[in-house]
Amino acid sequence: MSVTAVPILPVEKGTLVKLWGGIALAVLAAGGMAWAGTKPATAGGCTTKTASGLGWSVTKKGEGASPTDADVALVNYKGRLLDGKEFDAGERVPFPVAQVVPGFTEGLKLMQKGGSYKLCIPPELGYGEKETGPIPANSTLVFDVDLIDFQNMAALQAQMQQMQQLQQGGGDPHGGMPGGH
């Protein structure tokens, strides 16, 4: 009986150690990625939390002062649930800062004009146990918000009254013709 021998090239010293080390590294990397995927769903991509539980991240830093409860903020926004389903969006929408859900109010007051933030609003700072249209009860809300500008509500109302007077009076707040004396 004859046996055919297949020549096997010798393996360099340390190659098996490198092979098993590479396999161990791959397993650790896969485990790390799996662990990262198990972070709490309330994170929503926000990196910082306030004492109240509002999550937020700065996408683009703004400049200057921040809005207060007495202001109206002009914003672009997209709102979605944690599963990514968008429930609302708007461009150049005026929001009275103190008249939105508490988490949105708190988030607006963190921002500066020209800034873009991600806000992760837990249910207790959003709609809570109330189902609101496409938003299920106890939902965490994730908003991408651009603060275009803000203005004091009283000053804005005064401007609106002046505009109404101009329209009613034919262009001159004193009732005369525009440009006339």
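Predicted model: local features only at pLDDT ≥ 70, side-chain atom pairs only at ≥ 80, totals over all residues.
Start with the overall layout. The protein chain carries 3 helices and 6 strands, and these run along the sequence in the order α-β-β-β-β-α-β-β-α. Of its 181 residues, 28% count as buried. As for how the chain comes together, take the contacts with a separation of 6 or more: 65% of them join residues 24 or more positions apart.

Leu 82 sits in the loop between S3 and S4, and its C-alpha atom is 6.2 Å from that of Gly 44, although the two residues are 38 apart along the chain. Leu 82 is classed as partly exposed because its relative accessibility is 37%, a value that falls between the 20% and 50% cut-offs. With a relative accessible area of 60%, Gln 99 is exposed.

Next comes helix H2, which spans residues 102-110 and has Gly 103, Phe 104, Thr 105, Gly 107 and Leu 108 buried. What do these residues pack against? The buried residues of H2 pack against strand S3 (71-81) and also against S4, S5 and S6. An α-helix makes a turn every 3.6 residues, so residues three or four places apart point the same way.

The model has 6 aromatic pairs. One of them joins Phe 87 and Phe 143 edge-to-face, with 5.6 Å from centre to centre and 85 degrees between the ring planes. This pair ties together distant parts of the chain, as Phe 87 belongs to strand S4 and Phe 143 to strand S6, 56 residues apart. Both partners are buried: the relative accessible area is 16% for Phe 87 and 7% for Phe 143, and each counts as buried because its value is under 20%. Ring pairs extend the picture to a cluster made up of Tyr 77, Phe 87, Phe 95, Phe 104 and Phe 143.

The rings of that cluster lead on to the pocket. The largest pocket has a volume of about 170 Å³. Its lining includes Tyr 77, Phe 87, Phe 95, Phe 104 and Phe 143, the residues that ring pairs link into the cluster. The rest of the lining is made up of Asp 88, Val 100, Val 101, Tyr 127, Ile 135 and Leu 141. By residue type, the lining divides into 10 nonpolar, no polar and 1 charged. Asp 88 is the charged residue, because Asp is grouped with Glu, Lys and Arg in that class. Which strands each supply at least two residues of the lining? They are S4 (86-96) and S6 (141-152), with S4 giving the largest share, 3 residues.

Strand S5 (residues 116-121) holds Ser 116. This serine is buried because its relative accessible area is 12%, which is under the 20% cut-off. Leaving aside residues up to four places away in sequence, Ser 116 touches Ser 57, Val 58, Thr 59, Lys 60, Met 111, Val 145 and Asp 146.

Arg 92 has a phi near 55 degrees, a positive value in a residue other than glycine. Arg 92 lies in strand S4 and, at 53% relative accessibility, counts as exposed. Asn 138 is not a glycine either, yet has a positive phi of about 60 degrees. Where is Asn 138 placed? Asn 138 lies in the loop between S5 and S6. With a relative accessible area of 49%, Asn 138 is partly exposed, because only values over 50% count as exposed.

Definitions and conventions
Residues numbered from 1 in each chain as written. Heavy atoms only, no water. 1 Å grid on protein atoms, 1.4 Å probe; cavity = no way out; pocket = protein on both sides within 12 Å on 5 of 7 lines; lining within 4 Å. Points joined across faces, edges and corners; volume = space filled by probe spheres on them. Helix = DSSP H or I, 4+ residues; strand = E, 2+ residues; numbered from the N terminus. Buried < 20%, exposed > 50% of the residue type's maximum accessible area, 1.4 Å probe, protein only. Contact = heavy atoms within 4.5 Å. Phe/Tyr/Trp six-rings, centres within 6.5 Å; stacked < 30°, edge-to-face > 60°.
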